[in-house]
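Here is a report on one protein model.

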Amino acid sequence: MKPLVTQKTINLYQKYIGQLYSDLKKTTPIRVVGSSSESRCGNCVYDIRGRRSSGKYNSSGPSPFEGICPVCGGKGVVTVDGSVDIYIPYRWLDPSKNEADAILVSKLGDVKLRYLEAKGVLTVSPDIFAKLSAAVRFEVEGLKMVLASPQTKRGLKNDYVFRMILKTEG
Ligand SMILES: [Zn+2]
């Protein structure tokens, strides 16, 4: 007897699912804006008394030099940006057309704000989750947004089903 689902069908299915998956991943990024912090330059020896680079290579950094450290420009510290872009499917909630959205928005609060639900599989490092939970705000399609409800994540290791609802800053 012939199998109900042929290999050809399976191949087609896998091809389209693969395409769908990569299309979903191509959504506009959500910018996770974190606070920036300063840390000691990892390329030069810090001059504690002068509070700047000593102008000497520390022999373990990525860029050996003579004169002015190319990594910190002689400041002895570098600014670490806590921001990152994540690629996850999202949709704008539309309370005027979708009853489920209307209920959700009324639970979340101010109906004058715009709400967005980001939900999907996120393959990320613990570092990115740290930035996600420490986010000061988010930027999507040029709009500044904040969390409207706590982020949730379910999964193991680096693959998570992640969900968060954002709202425009009031
Ligand atoms: Zn340096």
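A residue is buried if 20 or more other C-beta atoms lie within 10 Å of its own, exposed if 12 or fewer, and partly exposed in between, with C-beta atoms placed from the backbone. Nonpolar side chains tend to be buried together in soluble globular proteins.

This is a predicted model: local features need pLDDT of at least 70, side-chain atom pairs count only at pLDDT 80 or more, and totals for chains, interfaces and linings use all residues. Residues are numbered from 1 along each chain as its sequence is written.

Ile30 is in contact with Ile86, Ile88, Tyr90, Ala118, Phe138 and Val140, leaving aside its neighbours within four places in sequence. Contact means that the C-beta atoms of two residues, placed from the backbone, lie within 7 Å.

An open sheet of 7 strands runs in the order S6-S1-S9-S10-S11-S8-S7, with antiparallel pairing. Strand S6 (84-86) and strand S7 (90-92) stand at the edges with a single partner strand each, so one side of each has no neighbour in the sheet. Neighbouring strands are turned by 30 degrees against each other on average, direction ignored. Two strands pair if DSSP finds at least two bridges between them. S1 and S9 pair in the antiparallel sense over 3 bridges. Arg31 has Glu139 in S9 as its bridge partner.

Helix H3 (residues 126-133) packs on the sheet and touches S1, S6 and S10. The direction of H3 makes about 100 degrees with that of S6. Axes are lines fitted to C-alpha atoms, for helices over the stretch in contact, and angles run from 0 to 180 degrees between N-to-C directions.

## Backbone details

Helix H2 (residues 99-108) is hardly covered: 1 of its 10 residues is buried. Just after H2, Gly109 takes a positive phi of about 135 degrees.

Why does Ser59 count as exposed? Ser59 has 9 other C-beta atoms within 10 Å. Glu141 is exposed too, with 12 C-beta neighbours inside 10 Å.

## Overall layout

The protein has 3 helices and 11 strands. Helices (H or I, at least four residues) and strands (E, at least two) are DSSP runs, numbered from the N terminus. The radius of gyration is 23 Å, well over the 15 Å that the globule rule gives for 170 residues, so the protein is more spread out than a compact globule. That radius is taken over C-alpha atoms, and the rule is 2.2 Å times the number of residues to the power 0.38.

The protein is divided into domain 1 (27-35 + 82-168) and domain 2 (37-80). These bounds come from an automatic or database domain assignment. The C-alpha centres of domain 1 and domain 2 lie 37 Å apart. Buried residues make up 16% of the 170 residues.
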